[in-house]
Amino acid sequence: MASLVVDLRSDTVTRPSPKMRRAMAEAEVGDDVYREDPTVNRLQERAADLFGREAALFVPSGTMGNLIAIKVHTRHGQEVICEERAHIYNHEMGAMSAFAGCIPRTVRAEDGILTWHLISPQVRGRSGHLAKTGLVELENTSNLAGGSVYPKEVSDEICDRAHTLGVPVHLDGARIFNASVALGRSVIDLSRKFDSVMFCLSKGLGAPVGSVLVGSKPFIEEAHLIRKMLGGGMRQAGILAAAGLVALEDGPARLHIDHGNAKFLAEGLAEIPGISINPAKVVTNILIIELSGTGLTSFEISKRLAAQGVLANGVTPTTMRIVTHVDIDRKDCERSLVALRVALGVRPKGVVA
Ligand SMILES: *Cc1c(COP(=O)(O)O)cnc(C)c1O
């Protein structure tokens with residue numbers, strides 16, 4: 001259904017489906033700080049199963065999930081190696097430094113996809129001068145690099161090599177289900193070598209709130225304590241976990257639609273003068289478009305789009321992010337392309353001077 005406002009700012013803006021709302025209303029609950037919420041327990045068991053792990057922990061946000069993982073894996077004063085555009089580095093309020101006492105060591109990689117070749121020169125062992133590498137972190141899909149996906153062989157190699165040096169590897173899998181759909185491989189297959197995985201229920205899977213950490217039993221036991229310390233111990237959270245269970249059941253099977261819409265947008269955008277985007281690189285639900293050729297800033301273009309009921313955010317003055325999700329259909333995409341042409345003052349498609 002085409003909506004009044006086309007909101008392409010993020011896949012976090014989705015509203016719970018009627019099925020989710022019913023499940024929430026009917027959820028059996030208990031006090032989850034006592035680990036007595038049956039619905040939270042079911043969600044955690046389901047998540048652990050889906051990822052082939054011993055245990056899982058429901059957390060209020062992806063940011064908290066990543067922070068807990070960093071805190072459990074590292075000690076104060078250690079470095080966390082991540083890509084320059086990583087969410088943990090750019091969009092989590094410096095939490096790894098503020099709470100876990102870690103320093104990010106960033107590496108730039110094409111399309112946000114790190115390789116062991118890029119990481120290995122940055123790894124630091126025991127030394128009288130250098131901060132030790134406490135953790136390597138990968139993001140799949142890579143949000144600010146345009147939803148790019150790690151080839152399984154590349155992330156597997158990074159995990160194997162890091163482990164040889166005694167360095168754990170955490171996966172920010174906020175959108176790991178998008179990667180799974182894009183590659184046609186299970187999330188177990190893509191994530192089995194990581195020491196811990198965080199994934200979001202509240203992104204493409206469509207749940208209103210929540211993320212999940214998965215890992216070994218000892219890791220999740222530690223994670224429990226840190227979650228409480230951070231104020232993330234929730235009580236009758238089964239209300240939220242119920243929506244999460246529906247998201248896990250129904251979400252992954254429809255992500256290919258979002259990917260198709262993103263590809264459609266990419267192809268349409270590539271035809272607009274001043275916009276630079278390579279549709280071949282759009283493989284999931286995120287597009288980062290380059291706007292320097294338009295002579296306008298992304299923020300000005302955002303304003304002009306908003307005036308037409310289309311929402312998209314500038315990331316830098318010359319780039320804009322567009323995200324497809326369950327509340328965006330093909331008509332919304334068509335409307336967005338028209339709005340962008342209007343915003344830039346270029347002719348509608350098919351109209352000859
Ligand atoms: C959204 C997101 C997170 C977590 O964000 P929250 O808003 O805290 O749930 C983490 N990593 C990536 C790559 C994300 O896109």
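The C-alpha centres of domain 1 and domain 2 lie 27 Å apart in this predicted model. The contact between them (heavy atoms within 4.5 Å) takes 15 residues from domain 1 and 19 residues from domain 2. Domain 1 comprises 6–13 + 254–343 and domain 2 comprises 18–250, with bounds from an automatic or database domain assignment. Residues are numbered from 1 along each chain as its sequence is written, and side-chain values use heavy atoms, with hydrogens and water left out. Local features need pLDDT of at least 70 and side-chain atom pairs pLDDT 80 or more, whereas totals for chains, interfaces and linings use all residues.

Pockets were identified on a 1 Å grid over the protein atoms alone, as open sets of points where a 1.4 Å probe fits, with protein on both sides within 12 Å along at least five of seven lines; lining residues have an atom within 4 Å of a point. Volumes are the space filled by probe spheres set on the points, which are joined across faces, edges and corners.

The largest pocket holds about 430 Å³ of space. Because domain 1 and domain 2 both give residues to its lining, the largest pocket lies between them. Of its 20 lining residues, Arg 85, Leu 144, Ala 145, Gly 146 and Ile 288 lie nearest the centre. Strands β9 (286–290) and β11 (313–316) each supply at least two lining residues (strands are DSSP runs of E, at least two residues, and helices are runs of H or I, at least four, numbered from the N terminus). The most is given by β9, with five residues. By class, the lining has nine nonpolar, six polar and five charged residues, where Ala, Val, Leu, Ile, Met, Phe, Trp, Tyr, Cys and Pro count as nonpolar, Asp, Glu, Lys and Arg as charged, and the others, Gly among them, as polar.

For the second largest pocket, the volume is about 360 Å³. Its lining consists of 26 residues, and Thr 12, His 87, Asn 143, Lys 203 and Arg 321 lie nearest its centre. Two or more lining residues come from each of α3 (62–73), β7 (196–200) and β11. This lining divides into six nonpolar, 14 polar and six charged residues.

Helix α2 (residues 38–50) has 13 residues and, at 1.5 Å a residue, should span 18 Å, which agrees with the 18 Å between its end C-alpha atoms; the expected span is 1.5 Å times one less than the number of residues. Its buried residues are Thr 39, Val 40, Leu 43, Gln 44, Ala 47 and Ala 48 (under 20% relative accessible area, 1.4 Å probe, protein chains only). Their cover includes β2 (55–59), β7, β8 (211–215), α10 (217–229) and α11 (238–250).

Key. Buried means under 20% relative accessible area, exposed over 50%, partly exposed in between (1.4 Å probe, protein chains only).
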